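The following exercises concern a single protein model.

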Amino acid sequence: MNQTNDRANTRRITGNIFKGSIGNLIEWYDWYVYSAFAVYFSSEFFPKGDTTSQLLNTAAIFAIGFLMRPLGSLLMGRYADRHGRRAALTLSITVMASGSLIIALTPGYSTIGIFAPIILVLARLLQGLSLGGEYGTSATYLSEMASSGRRGFYSSFQYVTLIAGQLLALGVQIILQQVLSEADMHTWGWRIPFVIGALGALAVLWLRRSMDESEQFTKMEKKTKESAGTLRALMKYPKAVLTVVGLTLGGTIAFNTYTTYLQKFMVNTVGLPKETVSWINFTALLLFVVLQPIAGMLSDRIGRRPLLMAFGILGTLFTVPMFLLMEQTKSPMVAFLLMMVGLIIVTGYTSINAIVKAELFPTEIRALGVGFPYAITVAVFGGTAEFIALGLKNIGSESLFYYYVAGCIAISLITYWRMGETSKASRIEAELNSNKSAN
């Protein structure tokens, strides 16, 4: 009977994590489609000019979208901590679908002039609002739904689906590159992936309505719910908030640099063909997906801190040499191998950052605590990484960006070195044990 109950519980956990994760995948697909297809639609939304200037404009709007993420995490985090993780995740996917549909249907600069980039900005603001709320709520939900002793493994699926969303965006790009001409891609083909994203979000909306709520939220005391999701309650945990900022700083810059920016770097700096770069990115990210649950399982055995330390040390030492070598190569294989080096290094952060943050906060402010300081850090540093890189390239000093990335990782390394092992002092486990004792 116990084995039957265990299997049923495992199926329930797996089903809920799938529903939460597939929504995360579509959210990130919608977000990364913008970056993946920027090389095609940048000329549609802005006046004629050189390629770098147009990409710089789209990168600036990409950064503006990031700036909405703190507001999204604040609003959605409060909503999730007061009304439930499921309700907040359902709301966030609805907002994301709206942003994607707006981009897909907006006419170009040649048709409506200045209104084209204005509408593009508004759509990205909506998507930034949605994604800001998605991260903290999704991380919280996956961490709370996971079974004890496997939280590192299950929570790693946040980045599995995050990267899978980026992979899906690249996959759609590769398919469209094969069936459409370059001219068609620039004029109308780039709209197709945004339509796909909007339709996918509607399907996820239906799935998320059937998710179970997490046990921690349902058992939260009424007295605690009165202050749930407030900044006043969050400020009672300043050390945890600062820890989230410190451990996110280097990780978000490294992740955005090794993935999103590398695609443009290989085209704009290395000089590889767009189609070749798409295949390099797709293959590398596919392997990156496989690494996440492996590293998550490893963290359940040896702890979270050793993986973070490995990322901090290796990222600080190897980022600059990696980019300097890639600058000199014309070989797609060498570029692929160098990208994989970066992705292997950053796995020490991506695979476990969700569970590390969730373990720092109590239930009543977990979604807000995980999402808000993270979103502020990502907005200031992760969202501006590509813009800074392209700006430095525009003035002929692109190599300074490599040192900037390495320096930010070094700052996070200090946080990893000073912080404790969160799996041993997990507030999630402490609350579950407390509930069991009360029962």
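**Exercise 1. Determine which residues Met309 is in contact with, leaving aside its neighbours within four places in sequence, and decide whether Met309 is buried or exposed.**

Solution. Step 1: apply the contact criterion, namely heavy atoms within 4.5 Å. Leaving aside neighbours within four places in sequence, Met309 is in contact with Leu413, Tyr416 and Trp417.

Step 1: Met309 belongs to helix α17, which covers residues 305-328. Helices here are DSSP runs of H or I with at least four residues, strands are E runs of at least two, and both are numbered from the N terminus.

Step 2: classify its exposure. Buried means under 20% relative accessible area, exposed means over 50%, and partly exposed lies in between, with a 1.4 Å probe and protein chains only. Met309 has 17% relative accessibility, so it counts as buried.

Step 3: relate sequence to space. Met309 and Glu275 are 34 residues apart along the chain, and their C-alpha atoms are separated by 36 Å.

A note on the source: this is a predicted model, in which local features need pLDDT of at least 70 and side-chain atom pairs count only at pLDDT 80 or more, while totals for chains, interfaces and linings use all residues. Residues are numbered from 1 along each chain as its sequence is written, and side-chain values use heavy atoms, with hydrogens and water left out.

**Exercise 2. Classify Thr140, Asn353 and Ala60 by their relative accessible area.**

Solution. Step 1: Thr140 lies in helix α7 (residues 115-145). Its relative accessibility is 0%, and therefore Thr140 counts as buried. Leaving aside neighbours within four places in sequence, its contacts are Arg85, Arg366, Ala367 and Val370.

Step 1: Asn353 is found in helix α19 (residues 353-358). A relative accessible area of 0% makes Asn353 buried. With neighbours within four places in sequence left aside, Asn353 is in contact with Tyr135, Tyr159 and Leu247.

Step 2: Ala60 is part of helix α3 (residues 51-67). Ala60 has a relative accessible area of 24%, so it is partly exposed. The C-alpha atoms of Ala60 and Glu44, 16 residues apart along the chain, are separated by 16 Å.

**Exercise 3. State how many cavities of 30 Å³ or more there are, and describe the lining of the largest cavity.**

Solution. Rolling a probe the size of a water molecule over the atoms shows where empty space is left. On a 1 Å grid over the protein atoms alone, a cavity is a set of points where a 1.4 Å probe fits but cannot get out; a pocket is an open set with protein on both sides within 12 Å along at least five of seven lines; lining residues have an atom within 4 Å of a point. Points are joined across faces, edges and corners, and a volume is the space filled by probe spheres set on them.

Step 1: count. There are 3 cavities of 30 Å³ or more, and the largest cavity holds about 70 Å³ of space.

Step 2: examine the lining. Of the 12 residues that line the largest cavity, Tyr159, Thr252, Phe255, Asn256 and Tyr374 are the closest to its centre. Helix α15 supplies the largest share of this lining, 3 residues.

Step 3: sort by class. The lining of the largest cavity has 9 nonpolar, 2 polar and 1 charged residues. Here Ala, Val, Leu, Ile, Met, Phe, Trp, Tyr, Cys and Pro count as nonpolar, Asp, Glu, Lys and Arg as charged, and the others, Gly among them, as polar.

**Exercise 4. Describe the second largest pocket by its space and by the class of its lining residues.**

Solution. Step 1: the second largest pocket contains about 270 Å³ of space. Of its 13 lining residues, the closest to its centre are Lys239, Ala240, Leu360, Thr422 and Ala425.

Step 1: helix α15 (residues 238-270) gives the largest share of the lining of this pocket, 3 residues. By class, the lining has 5 nonpolar, 3 polar and 5 charged residues.

**Exercise 5. Summarise the protein as a whole: how many helices and strands does it have, and what percentage of its residues count as buried?**

Solution. Step 1: the protein has 22 helices and 0 strands. Step 2: of its 439 residues, 59% count as buried.
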